[in-house]
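User: I've got a new model loaded and I'd like to talk through how the chain is put together. Can we go over it piece by piece?

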Amino acid sequence: MCLFSYAEDPDPDEQASAGLLFVPVRTEAAGPVLRVFRTPLGERTAVGFSRRDLLTATLGAGQPAIPLAEAALRALTEPLGIDRLIVDPVLTAPAVATGPVYADDAPARAL
């Protein structure tokens, strides 16, 4: 006898709505501008966070954000050809160095 009911399982292609998201933006003179990210394979993607503290933990305390519904975020990114949305990403690249990096600054490697 099977203990699980599979009749109500969602189809893998049917994803539940993420609801209200905190979306990273850049502050420009004209107002906030949506930040677009790239996946490790280089695909452009929109990013949203379900909680403000998750955004802060991933992108830092100084990252401005605006609350947007998932549908609104998708509507903003669709004209840009972006159809991927990642909610609550946890892996990010290290911060970019602000100054020039020279070969002499690199630590010596043992061969």
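This is a predicted model: local features need pLDDT of at least 70, side-chain atom pairs count only at pLDDT 80 or more; totals for chains, interfaces and linings use all residues.

User: How much of the chain is buried, as a percentage of its residues?
Analyst: The surface first: the protein chain exposes about 8,800 Å², with carbon and sulfur atoms supplying 59% of that. A residue has to be under 20% relative accessible area to count as buried. Of the 111 residues, the buried ones make up 20%.

User: Which strands are the edge strands of the open sheet?
Analyst: The sheet has three strands in the order 3-4-6, with mixed pairing. Each edge strand pairs on one side only, and that describes strand 3 (37–38) and strand 6 (85–87).

User: What is the bridge partner of Ala-46 in strand 6?
Analyst: Strand 4 covers residues 44–48 and pairs with strand 6 in the parallel sense, over three bridges. Ala-46 is also listed with Leu-85 in the largest nonpolar core. In strand 6, the partner of Ala-46 is Leu-85.

User: Which residues make up the largest nonpolar core?
Analyst: Let's come at it from Leu-68. Leaving out residues up to four places away in sequence, Leu-68 touches Gly-19, Leu-20, Leu-21, Val-23, Leu-73 and Leu-76. The core itself has six residues: Leu-21, Val-23, Ala-46, Leu-68, Leu-73 and Leu-85.

User: Is Leu-76 buried or partly exposed?
Analyst: Leu-76 sits in helix 2, which spans residues 70–77. Its C-alpha atom is 9.5 Å from that of Ala-46, 30 residues apart along the chain. Because the relative accessibility of Leu-76 is 47%, it counts as partly exposed.

User: Why do the buried residues of helix 2 line one face of the helix?
Analyst: The buried residues of helix 2 are Glu-70, Leu-73 and Thr-77. Looking down the axis of helix 2, they fall within an arc of 65 degrees, so they line one face. In general, an α-helix has 3.6 residues a turn, so residues three or four places apart point the same way. The number behind the one-face answer is the arc of 65 degrees.

User: Which strands do the buried residues of helix 2 pack against?
Analyst: One of the buried residues of helix 2 is Leu-73, and Leu-73 is touched by Leu-68. The strands that the buried residues of helix 2 pack against are strand 1 (20–28), strand 2 (31–34), strand 4, strand 5 (65–69) and strand 6.

User: What is the relative accessible area of Glu-70?
Analyst: Glu-70 and Arg-74 both lie in helix 2, four residues apart, about one turn. Their side chains meet in a salt bridge, 2.9 Å from N to O. Arg-74 is partly exposed at 31%, whereas Glu-70 is buried, with a relative accessible area of 10%.

User: Which residues is Thr-39 in contact with, leaving aside its neighbours within four places in sequence?
Analyst: Thr-39 is found in the loop between strand 3 and strand 4. At 12% relative accessibility, Thr-39 counts as buried. Leaving aside those neighbours, its contacts are Thr-45, Arg-84 and Ile-86.

User: What is the phi of Asp-88?
Analyst: Asp-88 lies in the segment after strand 6 and is partly exposed at 26% relative accessibility. Most residues other than glycine have a negative phi. Asp-88 has a positive value, near 55 degrees.

Terms used
Residues are numbered from 1 along each chain as its sequence is written. Side-chain values use heavy atoms; hydrogens and water are left out. Helices (H or I, at least four residues) and strands (E, at least two) are DSSP runs, numbered from the N terminus. Buried means under 20% relative accessible area, exposed over 50%, partly exposed in between (1.4 Å probe, protein chains only). A nonpolar core is a set of buried Ala, Val, Leu, Ile, Met, Phe, Trp, Tyr and Cys residues joined through side-chain atoms within 4.5 Å. Contact means heavy atoms within 4.5 Å. Two strands pair if DSSP finds at least two bridges between them. Accessible areas come from the Shrake-Rupley method with a 1.4 Å probe; for residues, only the protein chains shown count as cover. The arc is that of the directions from the helix axis to the C-beta atoms. A salt bridge is a side-chain nitrogen of Lys or Arg within 4 Å of a carboxyl oxygen of Asp or Glu.
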